[in-house]
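Subject: Handing over a structure

Dear colleague,

I am passing a structure on to you, with my notes below on what was found in it. Please look at the chain first and then read on.

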Amino acid sequence: MLQFKRGPLPDLPFRTAVKKPIPQKCVQMDQPFTVETMEGLMQGKPGDYLMIGIAGEMYVCDQEIFRQTYDLVPEKI
């Protein structure tokens, strides 16, 4: 079984991919929280986002990662 760790990238033929613009539900939390994810229990801290994936799964997204990865869609009036 292959095992990958932090550090230099493995010598593999990596390609570039762009994340599809799939709308996802999210809410920024103002207090610590816990969510049961597909990978197990995950802790969120104030400012992190509770995300709902395309299959209805829930997960935590760190506030800084969210800012780098997502743009909020303007709300309809």
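Two strands are taken to pair if DSSP finds at least two bridges between them. With that in mind, and remembering that this is a predicted model, you will find an open sheet of three strands, in the order β1-β4-β5, with antiparallel pairing. Its edge strands are β1 (25-28) and β5 (58-61), each of which pairs on one side only. On average, and with direction ignored, neighbouring strands of this sheet are turned by 25 degrees against each other. Between β1 and strand β4 (residues 49-52) the antiparallel pairing runs over four bridges, and glutamine 28 has tyrosine 49 in β4 as its bridge partner.

Elsewhere in the chain, strand β2 (residues 33-37) and strand β3 (residues 40-44) also pair in the antiparallel sense, over five bridges. A hairpin of two residues joins β2 to β3, and phenylalanine 33 stands opposite glycine 44 in β3.

A search of the whole structure finds two aromatic pairs. Tyrosine 49 and phenylalanine 66 form a stacked one, with 3.6 Å centre to centre and 10 degrees between the planes. This pair links distant parts of the chain, since tyrosine 49 lies in strand β4 and phenylalanine 66 in helix α1 (residues 63-69), 17 residues apart. The rings of phenylalanine 66 and tyrosine 70 have their centres 5.0 Å apart and their planes at 20 degrees, so this pair is stacked as well, given that planes under 30 degrees apart count as stacked.

In soluble globular proteins, nonpolar side chains tend to be buried together. In this model, the largest nonpolar core has five residues, namely Tyr49, Met51, Cys61, Phe66 and Tyr70. Leaving aside residues up to four places away in sequence, phenylalanine 66 touches Cys26, Tyr49, Met51, Cys61 and Leu72.

With best wishes

Conventions:
Residues numbered from 1 in each chain as written. Predicted model: local features only at pLDDT ≥ 70, side-chain atom pairs only at ≥ 80, totals over all residues. Heavy atoms only, no water. Axes fitted to C-alpha atoms, helices over the stretch in contact; angles between N-to-C directions. Core = buried A, V, L, I, M, F, W, Y, C linked by side-chain atoms within 4.5 Å. Buried < 20%, exposed > 50% of the residue type's maximum accessible area, 1.4 Å probe, protein only. Contact = heavy atoms within 4.5 Å. Phe/Tyr/Trp six-rings, centres within 6.5 Å; stacked < 30°, edge-to-face > 60°.
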